[in-house]
Amino acid sequence: MAGAPSPSSVPITPLLKDELDIVIPTIRNLDFLEMWRPFFQPYHLIIVQDGDPSKTINVPEGFDYELYNRNDINRILGPKASCISFKDSACRCFGYMVSKKKYIYTIDDDCFVAKDPSGKQINALEQHVKNLLCPSTPFFFNTLYDPFREGADFVRGYPFSLRQGAPTAVSHGLWLNIPDYDAPTQLVKPLERNTRYVDAVLTIPKGTLFPMCGMNLAFNRELIGPAMYFGLMGDGQPIGRYDDMWAGWCIKVICDHLGLGVKTGLPYIWHSKASNPFVNLKKEYNGIFWQEELIPFFQSATLTKESNTVQKCYIELSKQVKDKLGKVDPYFNKLADAMVTWIEAWDELNPSPNADAVVVNGTAKAK
């Protein structure tokens, strides 16, 4: 037809453009955004500045963003600001709290655009959105992985009663180049790089924990946001580099209880910089010992039927943390209190007419 634009000239509206915030914790200028400009520029950014609040963080022109430093956090939360970590990337969860969007994507400032095996740049954000918008399959494992992906389906023997899947709350992406290793592994494998690109998305089965990494992560804020607390880490705390994993263990127990799904796999980002393993060892030292107690705790944690919202689940879990992990170290009493403070702060900043909505099989329903 004369005058009709060619398909390539028709502008493509980015997925969930007005429903998603990108949260970035940082202590430096955000030059890395230049590489992400084709993919991130249409979206709103929430930048959480860690460290010295008097330092000016430069953001490339053309991005729509709001920036919060420690002074802002203290001003907005008052005494409840004590639950937000300082001098640790765990401060990013403040961005989750102040966002008003349905979805969150969070990325570290040393993560660049990766390429797939064909050499094409990977739009990580787009893949995360696809993961979140498609159901998960936590109750029965599909051997062709994601059955909702083009070219795949449920295999023979998969129960038809479970094929509708469950709402996806979390999409956990991976990394090429520098792997997300702990300090001991970094020390014995200083030159190891991840070059394996696995073209797959898997649902993590119900009852199975995983080590969640926060550097390439997306989630449905309405479904799981109040549980996405990265704990008390960094300055003044006896542990670091366990912030995202703590959140991952908490959200997995809660997702399993509420009938929600968690996916891992695609998309990949290019992790550009290895952190210092000796510095990491100082931060991780206690956690390496404590996790041998933490994992059995979360594996055996159960929630009551009265915990039918994320907030109620999280408060119940905080009580179990205090009762059972407080014996491991007094730090966990402090952390349990911070978990409660976090929920109180979340509810203050996010008053909702559906605050009393319960979750039934992954779907929020008003009482």
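UniProt positions follow the numbering used here, with shortened feature names, and its annotations may be inferred rather than shown by experiment. This is a predicted model, where local features need pLDDT of at least 70 and side-chain atom pairs count only at pLDDT 80 or more, while totals for chains, interfaces and linings use all residues. Residues are numbered from 1 along each chain as its sequence is written, and side-chain values use heavy atoms, leaving out hydrogens and water.

**View A. Arg156 and its UniProt label.** The unreviewed UniProt entry puts a "glycosylation site" at Arg156. Look for this arginine in the loop between helix 4 and strand 6 (168-177); helices (H or I, at least four residues) and strands (E, at least two) are DSSP runs, numbered from the N terminus. Arginine 156 counts as exposed because its relative accessibility is 84% (exposed means over 50% relative accessible area, buried under 20%, partly exposed in between, with a 1.4 Å probe and protein chains only).

**View B. Tryptophan 342 in the largest nonpolar core.** This core has 68 residues, and such a core joins buried Ala, Val, Leu, Ile, Met, Phe, Trp, Tyr and Cys residues through side-chain atoms within 4.5 Å. Trp342 is among those with the most contacts inside it, as are Val170 and Trp246. Leaving aside residues up to four places away in sequence, tryptophan 342 touches Cys83, Met97 and Tyr314, among others (contact means heavy atoms within 4.5 Å). Apart from this core lies another, of 30 residues, including Trp36 and Ile269.

**View C. Helix 1 and its cover.** In helix 1 (residues 33-40), the buried residues are Leu33, Trp36, Arg37, Phe39 and Phe40. Their cover includes strand 1 (20-26), helix 4 (124-133) and strand 9 (261-271).
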